[in-house]
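Trainee: I would like to learn how to read a structure from its computed features. Could we go through them one by one, with the general idea before each case?

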Amino acid sequence: MEDSESEKAFSNRDVYIGKFKGILPHGKGKYAWSDGTVYEGDWEEGKMTGKGQMIWTSGAQYVGDFSGGYLHGFGMFTGPDGSFYQGCWRMNIQHGIGKKQYSNSDIYEGSWKEGVHEGNGRYSWNSGNTYVGSWKGGKMCGRGVMKWDNGDLFNGFWLNGLRDGSGIYRFADGGYYFGTWSRGLKDGKGTFYPAGTKHPSLKMWCSSLGYYDDGKGLSSGSLLNSEEGKAKPSVKRSVSEKLSVGGILRNSSRISHKCTSLDKNWTHLDPAKEFLRYGSSHSLSHTSEDGQQEAQDNNSLVYEREYMQGVLIKEKVKNNMEISKKGKQRKIISVQEAKKSCIDLLGGNRSYYLMLNLQLGIRYTVGKITPVPVREVRSSDFGDRARIRMYFPRKGSQFTPPHYSIDFSWKDYCPMVFRNLREMFKLDAAEYMMSICGDDGLRELSSPGKSGSLFYLSHDDRFVIKTLKKSELKVLLRMLPSYYCHVGEHENTLITKFFGLHRITLKTRRKVRFMVMGNMFCTELRIHRRFDLKGSTLGRCTDPDKIKENTTLKDLDLPFEFHMDKLLRESLFKQISLDCKFLESQQIIDYSLLLGLHFRAPENLKAFSQPPDDESLPTGDGVTVGGFSIPPKGLVLVTHEPGSVSTAPGPHIRGSTLKAYSLGDQEVDLLLPGTGRLRVQLGVNMPAQANHKVPQDDADSTDVELFEFYDVVLYMGIIDILQEYNVKKKLEHAYKSLQFDPLTISAVEPKLYAKRFINFLEKVFPDIA
């Protein structure tokens, strides 16, 4: 029974005035701590629960919901620095929908998680800049629109507060740049449309980047961070802890309060619509990025540009009509290719059915095999009976859930072997399943080769899924025992890492086989060029008209040779030799080295595309181009420090940290000025200098690259290892082509192929010791 109101003083000089239930405060009451902090409001069995007001000696004040002694529910908090927050709370932390005005007059309204911006929201700086879009961990991350006070806008992808990915930059004078960014800098190919020039439909561009579907959205970033270096007032001590000093509290359940929406309007903010809403009404006489002010006496000209960490390395001036015509042709071709791939595979049904089937099957397989106790692989685990089979009707069954795809049968090959391989590669089962089977789905890629295979990429870029021919599946199953032993003995192997082998059978009896592999180009750095190297000249070049930014080029397209540290090179070729011997033993030919290049621009030349204010540019060991001195150092090798870099294995990373001769045979990390520090492993984060073989005849060309050599970061692995030795097939291919390429004809035996392959790579990576 609730007692009448009374006053009680405690031995620690705290005082409570209000109603009691037994010896515990219950009902309305006021509690004053000895340090001057005061709470007045509702109590429930000794804990602040309900509506109330808390005033701290610092001047901070909270009015709103409490639960179990915590700020929990909806309330208003005024900080001692003058900041003000109104919105949802959970356990003394801002969590949910809320609006905060900081002491410097910045304003954020939107979603919060554990005290930081997370989800959708709008941030307005006191300088006049505004961002509307996605947030993660207190930083702009995902799709969003930034509007600067000078009228410039950016609409695109963001990561950690910086522009990162595809996007559109609209200048105040009406000019547009469509391109890609990396860590806040232009990085890759793009097109600049001067003011007054006809440009692609913004609505169509936004749609193509994912604004009007349920797929992964955009994100872009500015160099501004919302929370960096900003004080965050918070309640450091739980009020429950304060009350426990008085010795009057007992355990009690916390009451959960529903948080009402502060302002429903913000939840409907669409970054793409925000971008289009701003339109081109602003007309200022200057621009703010890369000196983009162009002479506008000819509005039919557009500029195709390529950047490397903010440095302009290539530019073509083209007629706008030519760009538009090419864009339409590409769109028609891509639509036709998409339709063809879907029709061939699923008889006209949309390709997402196949993706959904893959996800359902993998989720089922991983869930079934993970609880099985870990044990050594047995010979029976490779046999014909080592299979998991299941039928997935659309309506569901006793063992499978209902789904929105078509009926299909599922087969998982050698589940225990691949489970152990995943553990050998240090892959967590839950992360593996969520990466492939998460709500974000899979992305279909165009095939880089002539095999006709379909490729899918997981939403986080960690895994590649490739469809297989029946003959390729047989090769992989035959070589699987030896492959398992090889990757177990050689942690630095460059051979493709396999994580699963599966088959889907449709109602039409059409069978689709596929394997899950690690993505060799899963890295936070942008891969600027990709090459598939076999060491042959027959058909090993790419039609220049078909080259796009992500096109995988071939042997004859490679204009570089790479100079590496002595020990790094030795480690590379030692492993390549071991891997080639393994492939010889399995009678495998036609494999390739997949090589990815990340070019590094010197940090002090990020704004190289702008004319310098003075002529005091640094001098040193660089080259001179157009009167500018260009130092070559875009990366530095430093002694390995495990605490300074991530040592967690990825889907393509497994093995030791490499040692470098230049640092006294010590393990090394790669320091990238302005970017970060990376662990150097075989085939991952490997530094080199790329010497560019520029033809002398192109010296006066308007399309010539500006640098003679580059600092690069290399990513590589041996792929296409499922082609068996077949002398008849190889000879027929050589003679039918009417080109008697000695590299092709002499490579009909696995041993000769391996020798040619290694000899070619020794020229690509020459020994400069």
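Mentor: Let us begin with helix packing, for which the axes are lines fitted to C-alpha atoms, for helices over the stretch in contact, and the angles run from 0 to 180 degrees between N-to-C directions. Helices (H or I, at least four residues) and strands (E, at least two) are DSSP runs, numbered from the N terminus. Here we have a predicted model, in which local features need pLDDT of at least 70 and side-chain atom pairs count only at pLDDT 80 or more, while totals for chains, interfaces and linings use all residues. Residues are numbered from 1 along each chain as its sequence is written, and side-chain values use heavy atoms, with hydrogens and water left out.

Trainee: At roughly what angle do the axes of α6 and α8 cross?

Mentor: Two packed helices are described by the angle between their axes and the distance between the axes. In this model the axes of helix α6 (residues 415-424) and α8 cross at roughly 15° and come within 11 Å. Angles under 35 degrees count as roughly parallel, over 145 as roughly antiparallel, 65 to 115 as roughly perpendicular and the rest as oblique, so α6 is roughly parallel to α8. The crossing of α6 past α8 is left-handed, a word used if the near helix is turned anticlockwise from the far one by less than a right angle, with right-handed used if clockwise.

Trainee: Which residues of α6 and α8 meet?

Mentor: Contact means heavy atoms within 4.5 Å. From α6, Val-417, Phe-418, Asn-420, Leu-421 and Met-424 meet Leu-480, Tyr-483, Tyr-484, Val-487 and Gly-488 of α8.

Trainee: How are α8 and α9 oriented to each other, roughly parallel or roughly antiparallel?

Mentor: The axes of α8 and helix α9 (residues 566-585) come within 11 Å and cross at roughly 160°, and the two helices are therefore roughly antiparallel to each other. In this pair, α8 passes α9 in a right-handed crossing. Met-479, Ser-482, Tyr-483 and His-486 of α8 make the contact with Gln-575, Leu-578, Asp-579 and Phe-582 of α9.

Trainee: Let us turn to the nonpolar core; how many residues has the largest one?

Mentor: In soluble globular proteins, nonpolar side chains tend to be buried together. A nonpolar core is a set of buried Ala, Val, Leu, Ile, Met, Phe, Trp, Tyr and Cys residues joined through side-chain atoms within 4.5 Å, where buried means under 20% relative accessible area, exposed over 50%, and partly exposed in between (1.4 Å probe, protein chains only). The largest such core has 119 residues, and those with the most contacts inside it are Phe-562, Tyr-591, Leu-714, Ile-721 and Phe-765. Helix α8 (residues 470-489) supplies the largest share of this core, nine residues. Another core, of 37 residues, lies apart from it and includes Phe-20, Tyr-108, Phe-171 and Tyr-177. For the chain as a whole, 52% of the 769 residues count as buried.

Trainee: What are the strand partners of β25?

Mentor: Two strands pair if DSSP finds at least two bridges between them. Strand β24 (residues 455-458) runs antiparallel to β25 and is joined to it by three bridges, with Leu-457 having Val-464 as its bridge partner in β25. These two strands form a hairpin with four residues between them, and Asp-461 in the turn has a positive phi of about 70°. Six bridges join β25 to strand β27 (residues 511-518), also in the antiparallel sense, and here the bridge partner of Ile-465 is Val-516.

Trainee: How many residues of β25 are buried?

Mentor: Six of the six residues of β25 (residues 463-468) are buried, so the strand is largely enclosed by the rest of the structure. Phe-463, Ile-465 and Thr-467 lie on one side, Val-464, Lys-466 and Leu-468 on the other, and all are buried.

Trainee: In what order do the strands of the six-stranded open sheet run?

Mentor: The order is β29-β28-β31-β39-β38-β30, with mixed pairing. At the edges stand β29 (552-553) and β30 (560-563), each with a single partner strand, so one side of each is left without a neighbour in the sheet. Within this sheet, β31 (residues 592-600) and β39 (residues 709-719) pair in the antiparallel sense over nine bridges, and Leu-593 has Ile-718 as its bridge partner in β39.
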